[in-house]
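Visitor: Could you take me through how the strands and the chains of this model are put together?

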Amino acid sequence: MPTTTKLDRRAAIHTLLKGGLALSLMPGFAETAWSAIAIADAGDRPAPGALTSEQTQMIALIADTILPRSDTPGATDVGVPGWIDLVIAEYFSEARRAAFLAELSAIDQLAVSTSGASLIGLKHHDLMKVMSSLDAATGSKSLTLAQRGYVQLKELVIHGYFTSKPVQQDLLKVVIVPGRFDADVRITPASPT
Amino acid sequence: MKEQFTFDAVVVGSGITGGWAAKELTQAGLRTLVLEAGGPIDPAKDYVEHVQPYEVPFRAWGDRRLLKKQQPIQTDCYACDEIGHKLFVNDVENPYTHADGAPFSWFRGRQVGGRSITWGRQVYRWSDLDFEANAKDGHGNDWPIRYKDIAPWYSHVERFIGVSGAREGLAQLPDGEFMSPMPMTAVERNARERILKGFNGERVMTIGRAAILTEDHNGRAACHYCGPCERGCITHSYFSSIGSTLPAANATGKMTLRPHSVAAELTYDAKRGRIRGVRVIDANTLKETEYKARVVFLCASAIESVRLLLNSKSAHFPEGLGNSSGTLGRYVMDHHYGSGASGTMSGFEDRTTFGRRPNGIYIARFRNVSTQHPGFLRGYGMQGGSSRKDWHRGISMPGYGADFKKSLLNLGSWTLGAAGWGETLPHADNRVTIDPHVKDKWGVPAARMNVRWRENERAMQSDMMTSMAEMLEAAGCSEIAQHPLDHPPGHCIHEMGGARMSVTPTQGVLNAWNQAWDVQNLFITDGACMASSACQNPSITYMALTARACDHAVSQMKRNEL
């Protein structure tokens, strides 16, 4: 049911945008162009629906804060929240899913306790404060419940973003069949990343 | 066409050694049946090396529900992921067990081509340091052959399959018939020179010797450097039986290849003291058929071949076919591997690479070559490589926001690292038996493993880390980190032993020609035949032993001795 799927995805993105998702973080000029990419990258798989609307918005907000839209697409632009929804619904075991959702809830509680509002309702300054507190734990072995959720989410966001088709093709310029191996290439400003 | 039931030769298995047996026997004029338990492969449809992560739902992580249900063991292998998992067996249909406290990883591929489709492609000759090791330190039995016996057969194999590599003139790692080597990166070249200097030429880092073509060869195209060889290669640029030996066998018109054929038992003719044939269960219809032949080659992989022998009991061989020595199923080995070190190399920030080289660097064995290490016997080689960090580093890196994203779109620092592949001592009680309570989908009793690492392997693993860290320091690396890794036996996919070669019939199952001491028309040429493991990747030694055994069998048949 590809048509239905794409409509579902489109509707989901519309909902997110209507909810004010991270728009404050995105330069307006890029918005239209990258939302077209998001729809094209939606894929044929039905939306798994493991998450509530609020959880989806939270994940999208954090994803777009980690990898925001700039002169290159942001996480939502390339469909990262939808992919994370699929991973949570179908890749995670029941136990892991329950643990992750509890950690997500702990992130929201952290927002409430430090700034007096749910994460998706925070002003930019307060959101950055919460993000800073969560990100400080990257690489640490001693993590709070909220930090554990953030570390896991950060991995999902980065993996989802950099393995997406637009990023692989247009930004990383992955050549699938190089045809040769050059062992020592001088990097110039024009070199692809 | 009416099905044929009698052949000159039957080969059980169509992978690395089965393909070689098929080629050599058919080219010698023998009508040869090749039995493969799995189904056929169509490279055009089944090879997936160019599938990209965004083309599969979980971006190559795998459909956990499906994989954990059907392939919970196989998915522990790096190559059995969302893209390549169809080249590995279904664990539910192919069970095995292990002793308490002795986990064993058995990664298998049941399809035409077997594991030659997914293998690691690293090929290193053994030397007399390896063939003499058992005799010198008393662990295991003496090999009935030496390097001079197998050297021409290494050449024979290398010339056919195509091996890229650099000649180094090392006695412990003999050079072969190499085509041009894949190049080392600037970081690797620098490290090689500094390590040579730092260790007075004792530690030699060379480019991996790989069964991957750097030039067109025998109708196969040179590598196109796409990267993930373990998912297949549509241009057959690395050696696999399906792309090389089986087509050569087929071209003779003498080969009959029968997929979906589960070998359940070798039938024994007690009056003549010979194998009569192979009892086969059709994997789809479950119909049983006996295929007869003058000579049988077991090439089903070490554990499968031993399992088949243990399941082939008779009044004459109540403990398994060819087991008069009592050694069948014993002295099972694998390589213990993975412990090593890595570091950061500065000074090359303006350099990168283009293409994905499906090969790395190799550091030839340097322990117990000229002097005896106080902590352990035998030795290890090291495998690794250099690369620039990519976006994956962001997962463990602090940061978020536009600048963070921009940094991940650019290359990170150079890393250089390697891990050891170590020799395992042969122990009689590292063994495979038959589990009396478990059968596979086709009713064939399953293997039960009881293999453990011992003190010598543990001591070697520790040394792998410290010696690699020393080399990285000599190479000029910073941020050097040691990595302990403790995979269970089997995880290296270098299962060896169980039906070892020996000088006398009381010491082993096979003679110097891979021929069963007890039954002259049975040859076993896969990893089961190995009397020690050395530290080199073993497949090319199996291939050379197979070609050598075929030559011997054909000679004996011509003289009517078989």
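Visitor: Which strand of chain A pairs with β12(B), and in what sense?

Guide: This is a predicted model, in which local features need pLDDT of at least 70 and side-chain atom pairs count only at pLDDT 80 or more, while totals for chains, interfaces and linings use all residues. Residues are numbered from 1 along each chain as its sequence is written, with chains lettered from A and ligands numbered from 1 in the order in which they are written. Helices (H or I, at least four residues) and strands (E, at least two) are DSSP runs numbered from the N terminus, and two strands pair if DSSP finds at least two bridges between them. A:V185 stands opposite B:T352, and the partner of β12(B), joined over three bridges, is β1 (residues 182–186) of chain A, in the antiparallel sense.

Visitor: Which element gives the most to the side of chain B that touches chain A?

Guide: Counting residues whose C-beta atoms, placed from the backbone, lie within 7 Å as in contact, the contact takes 38 residues from chain A and 40 from chain B. On the chain B side, α3 (64–70), α10 (402–408) and β12 (351–354) each supply at least two residues, and the element that gives the most, with four residues, is β12(B).

Visitor: Which strands are at the edges of the open sheet in chain B?

Guide: Six strands of chain B form this open sheet with antiparallel pairing, in the order β6-β13-β14-β15-β11-β18. Within the sheet, β11 (residues 336–345) and β15 (residues 414–422) of chain B pair over eight bridges. The strands that each pair on one side only are β6 (205–207) and β18 (478–483) of chain B.

Terms used. Contact = placed C-beta atoms within 7 Å.
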